[in-house]
Amino acid sequence: MHTNRIKIKPLTRYLWALPCTIVGITWVLPVLLLGAKARGVSGALEISLPNSDHIISKLYQRPPFIAITFGHVIIGKSTAELARLRTHEHAHVRQYECWGILFFIAYPLSSLLQWARGRHPYWDNHFEIAARAAEKRALATR
Ligand SMILES: [Zn+2]
């Protein structure tokens, strides 16, 4: 019985986060089809956008992020940035596994609450603070 629970749990996490993963895949699909680098890392799909010379990069010119996570899809400006931000973005993957589609409400709500309290909507966002804490823990254990 215990073994069955361990086998089912990862699948449940993927299914619970699936609507968000689909949003990420849909958003990045054009560059994915035209040769963006994609690879699986720790159960998530990391996709790096092509460099600025690539014709399709005009679609995603100057994205307002270095890396962004949708469910089990992490989109980054480059493989180097994906590597640099891996712990942080994978912390967001764990948050999607916990919140599922509700993350699309919880994250902006946290930003809104912080903004309403006169704080910074990004830096004081509960989920960003937790992701930065995961980074600090990873650095401390190296
Ligand atoms: Zn973050």
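1. Let's start with Ser 48 and its neighbours. In this predicted model, leaving out residues up to four places away in sequence, Ser 48 touches Ala 36, Lys 37, Gly 76, Ser 78, Thr 79 and Leu 82. You'll find Ser 48 in strand 2, which covers residues 44-48. Is Ser 48 buried or exposed? Its relative accessibility is 5%, so Ser 48 counts as buried.

2. Now hop over to Ala 36, one of the residues that Ser 48 touches. Ala 36 sits in the loop between helix 1 (2-33) and strand 1 (37-41). With a relative accessible area of 13%, Ala 36 is buried. Its own list of contacts, again skipping residues up to four places away in sequence, is Val 31, Ile 47, Ser 48 and Pro 50. Have a look at Leu 49 as well: Ala 36 and Leu 49 are 13 residues apart along the chain, and their C-alpha atoms are separated by 5.7 Å.

3. While you're in this part of the chain, check Ser 42. Ser 42 belongs to the loop between strand 1 and strand 2. Its phi is positive, about 50°, although Ser 42 is not a glycine. As for accessibility, Ser 42 comes out at 59%, and since over 50% is called exposed, Ser 42 counts as exposed.

4. Time to zoom out. How many helices and strands does the protein have? There are 5 helices and 4 strands. Starting from the N terminus, the elements go α-β-β-β-β-α-α-α-α. Of the 142 residues in the protein, 37% are buried. If you take the contacts with a separation of 6 or more, 57% of them come from residues 24 or more positions apart.

5. On to how the helices pack. Two packed helices are described by the angle between their axes and the distance between the axes. For helix 4 (residues 103-116) and helix 5 (residues 126-140), the axes come within 7 Å and cross at roughly 95°. Helix 4 and helix 5 are therefore roughly perpendicular to each other. On the helix 4 side, the contact is made by Phe 103, Ala 106, Tyr 107 and Ser 110, and on the helix 5 side by His 126, Phe 127 and Glu 128. Sorted by class, this contact of helix 4 with helix 5 has 4 nonpolar, 2 polar and 1 charged residues.

6. The axes of helix 3 (residues 86-99) and helix 4 come within 9 Å, crossing at roughly 120°. That angle makes helix 3 oblique to helix 4. Helix 3 brings Gln 95, Tyr 96 and Trp 99 to the contact, and helix 4 brings Phe 103, Phe 104 and Ala 106. By class, the contact of helix 3 with helix 4 has 5 nonpolar residues, 1 polar residue and no charged residues.

7. One last stop, Ala 130. This residue lies in helix 5. Ala 130 is partly exposed, with a relative accessible area of 30%. How far apart are the C-alpha atoms of Ala 130 and Gln 95, and what is their gap along the chain? The two C-alpha atoms are separated by 9.2 Å, while the residues are 35 apart along the chain.

How values were computed
Residues numbered from 1 in each chain as written. Predicted model: local features only at pLDDT ≥ 70, side-chain atom pairs only at ≥ 80, totals over all residues. Heavy atoms only, no water. Helix = DSSP H or I, 4+ residues; strand = E, 2+ residues; numbered from the N terminus. Buried < 20%, exposed > 50% of the residue type's maximum accessible area, 1.4 Å probe, protein only. Contact = heavy atoms within 4.5 Å. Axes fitted to C-alpha atoms, helices over the stretch in contact; angles between N-to-C directions. Parallel < 35°, antiparallel > 145°, perpendicular 65-115°, else oblique. Nonpolar A, V, L, I, M, F, W, Y, C, P; charged D, E, K, R; others polar.
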